[in-house]
Amino acid sequence: MIGLIRYTFATVLHTQRYLAPLFLFAGLTGALTVNGSGPLAPAYASSAGALLLCSTWLTVVLAGLDAPPQRAITVVSCGGRSLRVLLAAIGTALLSCLALTAFGLLLPLWTGDHAVTAADLLLGVEAQLTCVLVGVAIGVPCSRPVFGRQGYALVAALALLTGALFAKGLSPVNRLLTLMATTPDATALLRPVGGMLLVSVAILAVSTAVTQFVSARRG
């Protein structure tokens with residue numbers, strides 16, 4: 001698995017297809033958090049929302065790096081286990097977003113004027129990881145192994161992102177961002193946001209299973 005993740009990292013770095021989602025995240029986070037003041041929860045809600053979009057796009061890129069013939073060769077090289085190739089793409093996306101989480105955590109402190117507590121930092125980590133997991137869960141089934149045409153994949157990704165952001169009860173993201181935008185007390189938010197993080201883990205697990213099933217049937 002480590003070798004597959006290294007291969008995925010090397011391929012995406014060589015193709016430079018990571019740049020667009022990276023610039024999107026940096027631009028949104030900078031625009032939404034620069035020169036902020038007051039409680040940190042709303043600032044971290046902004047960086048978490050930006051990370052949701054970035055992680056979705058990055059996952060679509062990583063899961064569809066190889067054309068079908070090359071993907072078939074990679075699967076054969078892994079002993080015919082296509083699930084390992086899918087998990088490598090997911091693992092690469094998660095590891096990449098961990099670095100972006102640190103950026104989203106520190107940028108508001110650098111560019112704004114906030115009183116910082118340990119609860120604020122922990123809340124920021126929980127919120128961003130929740131959005132990362134949901135973003136990856138959206139990106140996985142909207143990638144090339146499931147959708148042969150990029151136009152259909154784009155429509156599906158936009159629909160799922162819109163639902164995650166605005167539809168109540170569809171994902172933990174809507175409630176997460178609403179709570180963080182309206183509740184300044186980070187300590188009071190730690191438990192509910194922690195619960196949403198656990199829910200997002202389950203969502204990613206289900207999304208991975210569905211994607212593997214569909215892609216295996218297509219293959």
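From the N terminus on, the protein chain runs α-α-α-α-α-α-α-α-α, which comes to 9 helices and 0 strands; helices (H or I, at least four residues) and strands (E, at least two) are DSSP runs numbered from the N terminus. The model is predicted: local features need pLDDT of at least 70, side-chain atom pairs count only at pLDDT 80 or more, and totals for chains, interfaces and linings use all residues. Residues are numbered from 1 along each chain as its sequence is written, and side-chain values use heavy atoms, with hydrogens and water left out.

**Chain totals**

- Of the 219 residues in the protein chain, 46% are buried (buried is under 20% relative accessible area, exposed over 50%, partly exposed in between; 1.4 Å probe, protein chains only).
- Contacts (heavy atoms within 4.5 Å) between residues at least 6 apart in sequence join residues at least 24 apart in 80% of cases.
- The chain exposes about 10700 Å², and carbon and sulfur atoms supply 70% of that area (Shrake-Rupley method with a 1.4 Å probe; for residues, only the protein chains shown count as cover).

**Nonpolar cores**

- A nonpolar core is a set of buried Ala, Val, Leu, Ile, Met, Phe, Trp, Tyr and Cys residues joined through side-chain atoms within 4.5 Å.
- The largest nonpolar core has 25 residues, and Leu123, Leu176 and Met180 touch the most other members.
- Two or more residues of this core come from each of helix H3 (41-63), helix H6 (118-139), helix H7 (150-166), helix H8 (172-182) and helix H9 (186-218).
- Another core, of 23 residues, lies apart from the largest one and includes Phe25, Ala89, Val136 and Val140.
- Not counting residues up to four places away in sequence, Leu176 touches Ala127, Thr130, Cys131, Val193 and Met196.

- Thr29 lies in helix H2 (residues 19-33) and is buried, with a relative accessible area of 0%.
- The side chain of Thr29 reaches the backbone oxygen of Phe25 at 2.8 Å.
- With neighbours within four places in sequence left aside, Thr29 is in contact with Val34, Ser47, Ala50, Phe103, Gly104 and Leu107.
- Gln16 lies in the loop between helix H1 (2-15) and H2 and is partly exposed at 48% relative accessibility.
- Phi of Gln16 is near 60 degrees, a positive value in a residue other than glycine.
- Most residues other than glycine have a negative phi.

**Helix H8: asparagine 174**

- Asn174 lies in helix H8 and counts as buried at 12% relative accessibility.
- Leaving aside neighbours within four places in sequence, the contacts of Asn174 are Ala164, Leu165, Phe166, Ala167 and Lys168.
- The C-alpha atoms of Asn174 and Gly49 are separated by 9.6 Å, although the two residues are 125 residues apart along the chain.

- Gly195 is found in helix H9 and is partly exposed, with a relative accessible area of 31%.
- Val206, Val210, Phe213 and Val214 make a nonpolar surface patch of about 340 Å².
- Patches consist of residues with over 30% relative accessible area and no salt bridge, with like charges joined within 9 Å and nonpolar side chains (Val, Leu, Ile, Met, Phe, Trp, Tyr) within 5 Å; a salt bridge is a side-chain nitrogen of Lys or Arg within 4 Å of a carboxyl oxygen of Asp or Glu.
- Val210, found in helix H9, is partly exposed, with a relative accessible area of 44%.

Conventions
A polar contact is a pair of N or O atoms within 3.5 Å; within protein, one must be able to donate a hydrogen and the other to accept it, and residues adjacent in sequence count only if both atoms are side-chain atoms.
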